[in-house]
Amino acid sequence: MVSQNPQPEIYTTRHSFLAGDTQGTTITQQINTSQSWNEDVRVYGIMLHYVGANGATLAYTDPVDTGGAVAQFDISIQAGPNSVPSTAFSASQIYRKGDKTLALSSPILVLHRQPLQVTVTYDNAAPINAGKDVTLVVTLLAEMYIQNT
Amino acid sequence: MVNQNPQPEVFETNFTIDVSAVGSNTNTIYTHQGHNEQFMVYAIGVDILNANGIDSSGTYSDFDLTINAGSNSVPSNPFDAGAIAKNTDGIVALTCPIVVQFKQPLQVRIDTITNSAVAGPYTVTVRLIGETSIINT
């Protein structure tokens with residue numbers, strides 16, 4: 001239920017991977033949008049942040065740290081019964097950008113009662129290094145508004 | 001009370017975080033708006049500095065940020081401040097503005113997430129970039 005129309009929304013989920021996690025390890029988090037029957041949520045951008053076990057920011061190479069290899073994570077977003085965008089995409093590429101944000105070409109639309117989930121998958125052949133626990137903090141930049149009928 | 005309409009505003013608030021201040025810290029921002037004025041926040045900037053004023057977000061950046069406008073949180077949930085501090089311009093632009101009406105309190109809350117590792121002290125500066133304008137009736 002919005003307090004103003006439209007209302008900016010920023011949804012953050014945390015996906016914690018541990019040393020030893022292998023390729024294909026997947027963590028899904030649910031976002032509760034608390035939207036009413038006549039309200040929509042639109043997601044315009046996705047922001048990324050890698051945090052270590054002690055709260056420090058990690059570089060995108062840190063979790064594997066083998067010859068500067070990129071720690072490859074993939075993101076997929078489920079809006080309702082489907083993935084939107086329809087396939088998983090690279091989280092690491094977003095994190096390597098200066099603004100650490102991917103602006104979508106058109107918004108992800110979430111209707112009333114549709115579940116909104118963020119899934120992060122570890123996708124390197126080598127497991128995460130010892131002492132390199134990493135939490136991917138995924139932030140969805142969105143707005144909620146009352147539908148115009 | 002504005003001197004021009006609209007009037008750009010940049011409200012900054014500082015939080016000193018160390019081992020004695022883990023958890024939640026809340027500051028109130030005074031907008032000094034008249035009864036016929038509203039303040040709109042378009043973007044949020046975050047800096048994480050050490051005691052010498054040097055960026056220390058690489059040492060600790062696990063903060064959540066909450067903005068309370070009036071009786072509600074807008075956006076409705078806490079969100080990651082570290083990602084804002086770590087991006088190139090240290091600012092996130094909102095998809096639409098936060099609207100603060102006359103007499104509505106405007107508060108900023110910082111929560112430390114990985115409490116066990118907080119040493120510091122860190123100064124977390126939150127910058128609300130917006131404008132105050134006279135309401136057109």
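How many bridges join strand β3 of chain A to β7(A)? Six, and the two strands run antiparallel. Here strands are DSSP runs of E with at least two residues, numbered from the N terminus, and two strands pair if DSSP finds at least two bridges between them. Strand β3(A) covers residues 39–52, and one pair to look for is R42(A), whose bridge partner in β7(A) is L109(A).

Before going on, a word on what you're looking at. This is a predicted model, where local features need pLDDT of at least 70, side-chain atom pairs count only at pLDDT 80 or more, and totals for chains, interfaces and linings use all residues. Residues are numbered from 1 along each chain as its sequence is written, while chains are lettered from A and ligands numbered from 1 in the order in which they are written. For the complex, the predictor gives an ipTM of 0.83 and a pTM of 0.89.

Back to chain A: its open, antiparallel sheet has four strands, ordered β1-β9-β3-β7. β1 (7–17) and β7 (101–110) are the edge strands with a single partner each, so one side of each has no neighbour in the sheet.

Now for the largest nonpolar core, which has 68 residues. Such a core is a set of buried Ala, Val, Leu, Ile, Met, Phe, Trp, Tyr and Cys residues joined through C-beta atoms within 7 Å; buried means 20 or more other C-beta atoms within 10 Å of a residue's own, with C-beta atoms placed from the backbone. Among the residues with the most contacts inside this core are A91(A), L136(A) and V46(B).

Methods: A residue is buried if 20 or more other C-beta atoms lie within 10 Å of its own, exposed if 12 or fewer, and partly exposed in between; C-beta atoms are placed from the backbone.
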